[in-house]
Amino acid sequence: MSLFVASRSAFRAAAPVKRSFQARRYATEPTTPPAAESPKSGSNSTILLVAGAVGLGGAGYYFLSGTSAAKKAEAKVKEAAGAAADKVPGVVAKKAFTGGEQGFVSLKLEEVETVNHNTKRFRFKLPEDDMVSGLTTASAVLTKVKPEGAEKPALRPYTPISDEATGYMDLLVKKYPNGPMSSHFHDLVPGQHLEVKGPLPKYPWAANKHQHIGLIAGGTGITPMFQLVRAIFNNPEDKTKVTLVFGNISEDDILLKKELTKLENTYPQRFRAFYVLDNPPKEWAGGKGFITKELLKTVLPEPKSENIKLFVCGPPGLMNSISGNKKSPRDQGELAGVLKELGYTPEQVYKF
Ligand SMILES: Cc1cc2nc3c(=O)[nH]c(=O)nc-3n(C[C@H](O)[C@H](O)[C@H](O)COP(=O)(O)OP(=O)(O)OC[C@H]3O[C@@H](n4cnc5c(N)ncnc54)[C@H](O)[C@@H]3O)c2cc1C
């Protein structure tokens with residue numbers, strides 16, 4: 001019998017989080033949405049948010065003026081105002097990345113945080129304090145570096161994990177031994193600059209574009225998925241159901257786990273996450289080894305379901321076995337691997 005007793009119909013009977021696939025119990029879907037899922041009012045509350053943010057922050061600034069706390073308060077006001085401004089109809093926040101003729105923008109590294117043994121979070125300052133990145137979902141940025149002695153610059157895509165932030169952009173980057181770009185990132189220290197270009201459009205998302213989506217990610221392949229998930233759950237109008245299958249080597253490698261768990265607890269009827277580890281700890285309720293056909297068959301929406309989409313992102317080995325690799329950044333290549341064997345069509349699958 002399958003380890004993964006939780007079935008495709010899990011959402012019909014989904015429930016608050018229990019980590020074990022076998023032991024998961026699901027509450028009946030409520031007839032009224034939980035508070036966290038109820039739609040917020042639109043423009044009026046957004047305008048209030050702008051006014052409130054500026055008002056509150058302004059008061060803080062008055063008392064703290066001249067101190068470093070005052071500077072932080074000022075930055076917070078700008079951030080709140082910028083973020084809210086983008087949501088007010090007719091008011092558009094300034095975008096750092098505008099594409100087209102813009103070319104590469106030199107961003108200053110502000111802060112580095114070690115996340116685990118091979119991954120760091122890099123916070124880059126956007127050119128102006130009240131700017132947002134301006135990336136749409138799903139899209140990425142392209143970074144450029146010319147390693148010493150190399151003939152050509154290296155160009156690699158990254159997906160920010162801070163889409164709506166004002167004044168900064170966060171990238172989560174895993175270091176690969178001898179990988180020119182990720183090594184360059186990990187050698188950077190605050191104050192240094194990086195060449196960044198965007199947006200690099202991927203799959204254009206719109207609220208309720210699909211009824212149910214499946215996300216299959218390996219390692220840092222979670223970042224584009226996280227962007228998608230945030231766009232969905234930050235939008236009260238969007239009712240899309242999401243199933244995530246996330247493969248990693250060890251528990252320590254699971255990026256954004258806290259954020260994903262929070263989403264699972266807040267939207268138990270709409271967001272489910274299944275974790276698979278190559279090297280699980282002794283007490284591990286999730287999947288072991290690679291992401292298997294059996295797991296995907298059990299938890300993903302069925303191929304014959306109406307209006308579903310599957311997204312895949314991860315290292316070449318994972319892509320190869322799950323969906324087949326992309327041919328090039330602009331060519332999805334043929335659908336192959338487990339998803340093809342399970343009967344999904346090329347139109348139902350998007351490879352990041
Ligand atoms: C749409 C998109 C978004 C991405 N977002 C992020 C992100 O937010 N954070 C991040 O760290 N990386 C992300 N990546 C991967 C990133 O672009 C680089 O491929 C990675 O940092 C390795 O670059 P490198 O120059 O250091 O090494 P490379 O010389 O390019 O490769 C070094 C090793 O990494 C393996 N590798 C290549 N691509 C990947 C990949 N996608 N996943 C895992 N292993 C890979 C190669 O097989 C090789 O063994 C993303 C990729 C895509 C396509």
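**Exercise 1.** In what order do the six strands of the open sheet stand, and is the pairing parallel or antiparallel?

*Solution.* The structure is a predicted model.
Step 1. The open sheet is read across as E6-E5-E8-E2-E3-E7, and its pairing is antiparallel.
Step 2. E6 and E7 are placed at the edges and have a single partner strand each, so one side of each has no neighbour in the sheet.
Step 3. On average, neighbouring strands of this sheet are turned by 40° against each other, direction ignored.

**Exercise 2.** Determine which residues and elements surround the ligand, and explain why the ligand lies between two domains.

*Solution.* 
Step 1. The shell around the ligand comprises 25 residues, of which Gly179, Met181, Ser182, Thr223 and Pro315 are the closest.
Step 2. Two or more residues of the shell come from each of strand E6 (154-158), strand E7 (168-174), helix H3 (180-187) and helix H4 (222-233).
Step 3. Sorted by class, the shell holds 14 nonpolar, nine polar and two charged residues.
Step 4. The ligand lies between domain 2 (94-201) and domain 3 (203-351) because both give residues to the shell.

Note on methods: Residues numbered from 1 in each chain as written. Predicted model: local features only at pLDDT ≥ 70, side-chain atom pairs only at ≥ 80, totals over all residues. Near = placed C-beta within 6 Å. Helix = DSSP H or I, 4+ residues; strand = E, 2+ residues; numbered from the N terminus. Nonpolar A, V, L, I, M, F, W, Y, C, P; charged D, E, K, R; others polar. Domains from an automatic or database assignment. Pairing = 2+ DSSP bridges. Axes fitted to C-alpha atoms, helices over the stretch in contact; angles between N-to-C directions.
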